[in-house]
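Visitor: I have a structure open and would like to learn how to read the contact between two chains. Could you walk me through it?

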Amino acid sequence: MKRSYGATYSAPVALWITFFFVIPLLIICCYSFMAKGLYGGVVNRFALDAYTALANAAFIRVTLSTLWISSIATMVTILLALPAAYFIARSEHATVYLFLVIIPFWTNFLIRIYAWIAILGNNGFLNELLLTTGVVTAPIQFLYNQYAVIVVLVYTYLPFAILPLYATIEKFDFSLLEAARDLGATKFQSIVKVLVPNIQSGIITSVLFVFIPSFGAYAVPQLVGGRDSVMLGNIITRELTVTRNWPLAASISVVITLITTCGVLLFMRLQKSKSSHVVLDGRSL
Amino acid sequence: MHKKRGFSLVIFSCVIAFFYIPLVVLIVYSFNASKSMSLTGFSFVWYHKLFFDSRDLWSACLNSLLIAAASASVATILGTLGAIGLNWYTFAFKRYIQVVTFLPLILPEIIIGVSLLIFFAGIHFKLSLLTIFIAHTTFNIPFVMLIVLSRLEEFDYSILEAARDLGAREIDTLFKVIIPLSMPGIISGFLTAVTLSLEDFVITFFVAGPGSATLPLYVYSMIRFGVSPVINALSVVIIAATIILAFSTKNIYKYIIGR
Amino acid sequence: MKVFHFVIVGLLAFFGANCQKDNKSGASKKADTKLYIFNWTYYMPDQVRADFEKEFGVQIVYDVYPSNEEMFAKLKAGGTGYDVVFPSGDFVSIMMHEGMLDSIDLSKIPNFTNVDTAVLKKIKFDAGNHCSVPYMMASSGVCVNKKADGTYDKSWNIFARSDLKGMMTMLDDMREVLGAALKTLGYSVNSRNPEELEKAKNVVLTWKQNLLKFDAESFAKGFAAGEFSVVHGYAKNIFLEYDSTKRDEVDFFIPREGGPLYMDNMVILKDARHKELALKFINYVHRPQVYAKICDFLMLPSINVPAREFTKKKPHYSIEALSKSEFKEDLGADLDLYNKIWQEIRIGN
């Protein structure tokens with residue numbers, strides 16, 4: 001009896017995604033194997049041009065720098081999100097704090113970025129503060145470089161890291177930590193060896209929610225990045241709109257998707273084999 | 001334990017400060033007399049413009065709210081049910097569903113937008129608010145599913161067994177045991193979906209029908225000509241409204257989880 | 001679960017309301033009461049739209065886009081429903097090529113004769129105006145903060161000044177930047193000659209050393225905030241950010257070498273449903289008093305000759321300043337040449 005319900009639960013979402021996502025995705029895959037139309041779109045001809053164009057030093061360089069920026073942004077975000085989510089999970093007014101975290105993100109993204117520009121700019125509030133207190137004698141160029149991009153990426157994706165972490169930490173039985181302390185572990189050890197392994201799935205989800213979008217980010221580098229802050233998202237957008245090379249944009253997307261999917265599947269398989277997962281009633285994944 | 005709370009409190013406060021400092025700047029500029037970045041004086045001119053001269057802006061705002069609520073709700077329902085199915089059952093297409101529900105997360109937004117447009121055009125499905133709703137639900141689903149899944153993994157299965165032993169039907173177990181206990185995950189997923197939907201520009205631009213502008217569409221198109229501080233004023237109004245709503249729904253939340 | 005039921009009912013109501021909207025195909029036979037326009041933001045004063053709606057008793061549904069490229073990507077991928085769109089010249093030829101435009105019967109637009117024939121002669125993207133009616137002619141230029149920069153030469157080579165390093169931006173637009181470089185070398189902005197382009201690339205690379213970033217969107221805000229003291233951009237963007245009190249501090253000029261010029265045009269899409277009304281609208285725009293209002297709003301020179309009597313404000317630059325500038329034309333397959341060079345400038349070496 002239990003077996004039959006699995007399909008029932010998953011059928012609605014499976015149907016929806018198949019119809020509204022898989023089919024469009026197949027269109028993109030097909031496009032990546034076709035020839036570029038002169039003014040955008042594709043011509044009904046099989047061609048591998050879109051894939052051979054990827055073997056280009058400039059692309060690889062941009063990919064690496066995008067990887068670098070999004071990795072750093074992800075690390076910083078997770079390091080900030082963990083204590084924050086922990087705090088919310090352990091407090092009595094969790095809903096209030098969650099709303100507090102989310103509310104700023106219901107205002108328009110562009111306005112918030114402009115607010116950051118007003119804060120970090122050469123004539124901005126931060127530089128004014130540093131100048132008037134005499135800490136520096138000339139304004140510091142905070143904006144229009146990779147660091148600004150990282151800071152704003154962290155800002156943009158932090159709530160998406162806090163929410164999943166909160167959901168898992170909330171379920172955690174904190175008496176386990178006390179038990180560990182009683183058995184002689186230091187505070188640090190108890191957190192690393194007891195708390196972290198048990199909220200693993202939450203951490204993985206948060207990493208995915210931050211790394212993947214920041215890898216494909218294009219608005220943030222465009223707004224606060226400098227002349228060399230070109231990320232992969234900018235390239236895809238440019239290929240689709242300016243160069244009107246739809247197959248190339250499609251092929252970049254297909255490649256990113258394949259690599260990320262394989263990477264994540266591999267990572268999850270490694271995690272599953274490492275952790276001591278108790279299997280009940282054949283419910284292993 | 002106390003020291004750890006202290007540390008996490010410090011980080012949490014820093015995070016909140018990090019989130020709210022731009023907000024304060026935003027609010028300050030909404031009262032700025034001029035449009036430029038220099039503060040020239042206190043004025044309500046943008047609020048005046050907002051309430052008396054912005055019919056298009058309000059209709060875009062309404063569209064955004066409608067779509068966010070609808071797409072987040074549907075995505076939460078589909079995603080939660082899907083997560084329950086994936087977590088505890090094995091069945092024919094499980095692998096397929098696991099991979100496929102995860103993909104919208106990875107694909108770049110502009111590609112999702114253009115491919116959905118090509119798809120809708122191909123099946124002659126007229127562009128409108130409905131197409132925006134479909135697109136938003138589609139990209140919200142992986143977020144909800146992953147959050148609920150990670151919550152469900154820590155779920156104590158013996159409670160379900162106990163419920164079944166006591167004679168509960170599947171549907172009772174679902175509504176009276178699983179959902180209440182996963183509520184934090186479901187709420188997190190729902191909030192994430194609402195936020196994503198309210199903010200989306202790229203996908204919405206491509207699948208929106210004529211006349212169905214949402215707030216991001218309206219604002220991003222201003223980017224080349226200077227985003228008017230009317231948007232700042234609108235943001236302040238939205239924040240105020242949300243806070244009021246949040247405090248009044250605290251009671252509804254308590255009702256939902258049945259405490 | 002009452003909340004659950006409420007949600008389901010709400011959704012069904014939402015769907016129901018939307019499905020009704022879908023049955024519009026039979027409505028085209030009725031008198032045109034709605035006009036669907038797709039335009040750049042802030043490109044037409046609200047007053048002009050409101051006046052049109054009142055005079056003709058119709059409703060205008062007005063959507064906006066941030067750039068030609070995104071508008072084209074959307075229409076090409078299948079976005080339908082619009083009647084009048086405002087592409088720039090090079091996109092008019094592209095859209096004609098792709099069969100997206102309806103031919104315009106100029107006899108139905110009597111006010112077309114108001115357009116300056118000298119300007120019409122320069123148009124190569126749609127010579128004879130079969131599918132487009134010019135709307136606005138404009139050019140990018142250079143805007144300088146007079147306080148910060150002292151004396152300067154009104155030329156594109158201001159970007160070669162290393163003393164202004166780190167305070168300048170140029171547009172993130174391949175045609176604009178390469179066009180400027182080509183002009184300083186005396187070549188055409190529509191050059192297809194690889195050697196000329198290579199030389200232009202080197203010019204841009206020297207300029208790049210002094211630039212803080214390439215920005216096609218926020219340069220105006222940054223300039224107004226004092227982040228940059230020299231920007232390459234469009235006059236209306238910059239002056240929309242500035243209060244009239246501060247306008248004397250800035251100087252906007254078209255460099256003496258000339259540069260890429262663009263013409264935004266009104267076109268009617270082939271699958272438009274309200275073609276009669278669209279023609280009436282285009283005709284309305286070129287009424288002298290109406291066009292003068294638009295010019296005053298955008299502070300751009302008027303290509304409509306009788307309207308020049310009615311304009312109240314002086315534009316940022318005159319038509320004479322544009323004498324050396326050329327319209328950007330579509331490059332066809334040679335766009336790839338420009339792409340490669342632009343990519344090398346932006347992310348290579």
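This is a predicted model: local features need pLDDT of at least 70, side-chain atom pairs count only at pLDDT 80 or more; totals for chains, interfaces and linings use all residues.

Visitor: How many salt bridges are there between chain A and chain B?

Guide: To find a salt bridge, look for a side-chain nitrogen of Lys or Arg within 4 Å of a carboxyl oxygen of Asp or Glu. Between chain A and chain B the count is two. One of them joins Arg112(A) to Glu199(B), at 3.8 Å from N to O.

Visitor: Which helix gives the largest share of the side of chain A that touches chain B?

Guide: That is helix α1 of chain A, residues 2–32, with 23 residues. By residue type, this side of chain A divides into 71 nonpolar, 17 polar and twelve charged.

Visitor: How much area do the two chains bury between them?

Guide: About 9,900 Å², and 78% of it is on carbon and sulfur atoms. The contact draws 100 residues from chain A and 105 residues from chain B.

Visitor: Let me try a single residue. Is Thr214(B) buried or exposed?

Guide: Compare its relative accessible area with the cut-off: because 2% is under 20%, Thr214(B) counts as buried. Thr214(B) sits in the loop between α10 (202–207) and α11 (215–220) of chain B.

Visitor: Which residues does Thr214(B) touch?

Guide: Leaving aside residues up to four places away in sequence, Thr214(B) touches Ala60(B), Asn63(B), Ser64(B), Ile67(B), Ile132(B) and Thr204(B).

Key
Residues are numbered from 1 along each chain as its sequence is written. Chains are lettered from A and ligands numbered from 1 in the order in which they are written. Side-chain values use heavy atoms; hydrogens and water are left out. Helices (H or I, at least four residues) and strands (E, at least two) are DSSP runs, numbered from the N terminus. Buried means under 20% relative accessible area, exposed over 50%, partly exposed in between (1.4 Å probe, protein chains only). Contact means heavy atoms within 4.5 Å. Buried area is the accessible area (1.4 Å probe) that two parts lose on being put together, summed over both. Ala, Val, Leu, Ile, Met, Phe, Trp, Tyr, Cys and Pro count as nonpolar, Asp, Glu, Lys and Arg as charged, and the others, Gly among them, as polar.
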